[in-house]
Amino acid sequence: MSQVDLHVVWQVMKWPLAACLVLPPLLVYLGLHVVKREVIFVDLALAQVATLGTCVALILGYDFHDRIAFWISLGVTFVAAALFSWSRSSHKRQVPQEAIIGITFVVAAAGVILLLSRVAGGKEELEHLLTGDILNVTSGEVGQRAGIFAVLAGFYGAFHKRFALISDDPEGAYAKGWSVKLWDFLFYAAFALVVVSFVRVAGVLLTFAYLIVPAVCAVMLTQKWMSRLAIGWGVAATASLLGLWASYQMDLPTGAAIVCACGLLLVLVSVFAVMRMPHA
């Protein structure tokens, strides 16, 4: 590859690369909580609800990039966050929380389809909302989201021990007299802001992949939170590099290429984890 080609590649890929390296660590952290809580589809449900909010904004006549569209999407997602925090209990319910999350996802997905059927170019809008447009992310979008994520990382870091206990041992948190539903709402409300911010540049599928796949890989390899966070970021970064390279070399959709790279790394990590298990 010539120096001119490298310059072109860098100009095209520098901000997508920055987005894929700088933004996922917080998603990985949240994914570790999701895996611990065994509510795997909560992030997908929140992402779909965020998409539903964007569709509401489109129906009202706003453009996808209008600021009001972001706030409508965030407001709808906060409602879902309140629902998820309310649905959690210290006692086993006849209807598990995962069922509420699944129903929320299905209804939100159906609502997206219905609303976009009333929007000109609805099929293209649906594809955009699912797969995002990470290849065309700008320096402003990366910088803005990096700032938001830094503030939220500080919030989660300040209350990590509390959130970790609620994720690991909710009965213990109830025994301490904590208001678990309130802390769950704060957790999911900040989670919603992360999801809404990232979905608008990366789409639903890539957001879900960054949240779950690196976390699952990390859980299979180590027990410690910080080690899991480091491994998860490493997996996300590697998948991003592989996906961006494949996207450029083979002219593939960038978001889908990164998601498939995440899946490939999950298979490799799974094989490694099985091989290193002690044989009976």
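Colleague: Why are H3 and H5 called roughly parallel to each other?

Modeller: This is a predicted model, in which local features need pLDDT of at least 70, side-chain atom pairs count only at pLDDT 80 or more, and totals for chains, interfaces and linings use all residues. Residues are numbered from 1 along each chain as its sequence is written, and side-chain values use heavy atoms, with hydrogens and water left out. Helix H3 (residues 42-59) and helix H5 (residues 97-116) pack at about 25 degrees, their axes 8 Å apart. Angles under 35 degrees count as roughly parallel, so H3 and H5 are roughly parallel to each other.

Colleague: What makes H7 and H10 roughly antiparallel?

Modeller: Helix H7 (residues 139-158) packs against H10 at an angle of about 165 degrees, with the axes 11 Å apart. Angles over 145 degrees count as roughly antiparallel, and H7 and H10 are therefore described in that way. H7 passes H10 in a left-handed crossing.

Colleague: Which residues touch the most other members of the largest nonpolar core?

Modeller: They are Val42, Tyr156 and Phe191, in a core of 75 residues. Such a core is a set of buried Ala, Val, Leu, Ile, Met, Phe, Trp, Tyr and Cys residues joined through side-chain atoms within 4.5 Å, where buried means under 20% relative accessible area (1.4 Å probe, protein chains only). Helix H10 (residues 180-221) gives this core its largest share, 22 residues.

Notes. Buried means under 20% relative accessible area, exposed over 50%, partly exposed in between (1.4 Å probe, protein chains only). Helices (H or I, at least four residues) and strands (E, at least two) are DSSP runs, numbered from the N terminus. Axes are lines fitted to C-alpha atoms, for helices over the stretch in contact, and angles run from 0 to 180 degrees between N-to-C directions. Angles under 35 degrees count as roughly parallel, over 145 as roughly antiparallel, 65 to 115 as roughly perpendicular and the rest as oblique. A crossing is left-handed if the near helix is turned anticlockwise from the far one by less than a right angle, and right-handed if clockwise.
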